[in-house]
Amino acid sequence: MRLDIDSTSTVPPYEQVRAGVAAMIADGRLAPGAHLPTIRQLAADLGLAVNTVARSYRELEAAGLVVSRVRHGTTVAERRPDLPPAEAMARLDEAARAYRTAARALGATVEGAIQALRRVDAEPPAADRPGRA
């Protein structure tokens, strides 16, 4: 995977990585199921901090473009409805704002809201849970 990071750009490096990978997914250079380099490897290849690349990967995962699994690495997600990456990110931001509003109304902290998302994400799909349709 080839990415060029412009250190003189006003665009932060994590966004350059995110946008570059998103573009490769959108145009088919990275196919569904393709493995991305490890965070450490890509950071070393690009001369960036590990946390910079980790943020890029988190944002790609939040947008549904990649899937990260412990001990299995990060892979390109199966194709979603044809939404441009920027539109997918905008919709995700909108959903996050709505969730933040609901969580605050319940008195939850940001960490509490994130923990709730992780619990729900770990559940099997609704059709697989007992007593659910």
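**Close-up views of a predicted model**

At 46% relative accessibility, Asp27 counts as partly exposed, a class lying between buried (under 20% relative accessible area) and exposed (over 50%), with a 1.4 Å probe and protein chains only. This is a predicted model, in which local features need pLDDT of at least 70 and side-chain atom pairs count only at pLDDT 80 or more, while totals for chains, interfaces and linings use all residues. Residues are numbered from 1 along each chain as its sequence is written, and side-chain values use heavy atoms, with hydrogens and water left out.

**View 1. The salt bridge of Asp27 and Arg29**. The two side chains meet at 2.9 Å, N to O, a salt bridge being a side-chain nitrogen of Lys or Arg within 4 Å of a carboxyl oxygen of Asp or Glu. Arg29 is exposed, at 56% relative accessibility.

**View 2. The salt bridge of Arg18 and Glu15**. The closest N and O atoms of this pair are 2.6 Å apart, and Arg18 and Glu15 are separated by about one helical turn because they stand three residues apart in helix α1 (residues 13–26), helices being DSSP runs (H or I) of at least four residues, numbered from the N terminus. Arg18 is buried, with a relative accessible area of 12%, whereas Glu15 is partly exposed at 22%.

**View 3. The salt bridge of Glu111 and Arg118**. Here the closest N and O atoms are 4.0 Å apart; Glu111 is partly exposed, with a relative accessible area of 42%, while Arg118 is exposed, with 56%. A search of the whole structure finds five salt bridges.

Conventions. Helices (H or I, at least four residues) and strands (E, at least two) are DSSP runs, numbered from the N terminus.
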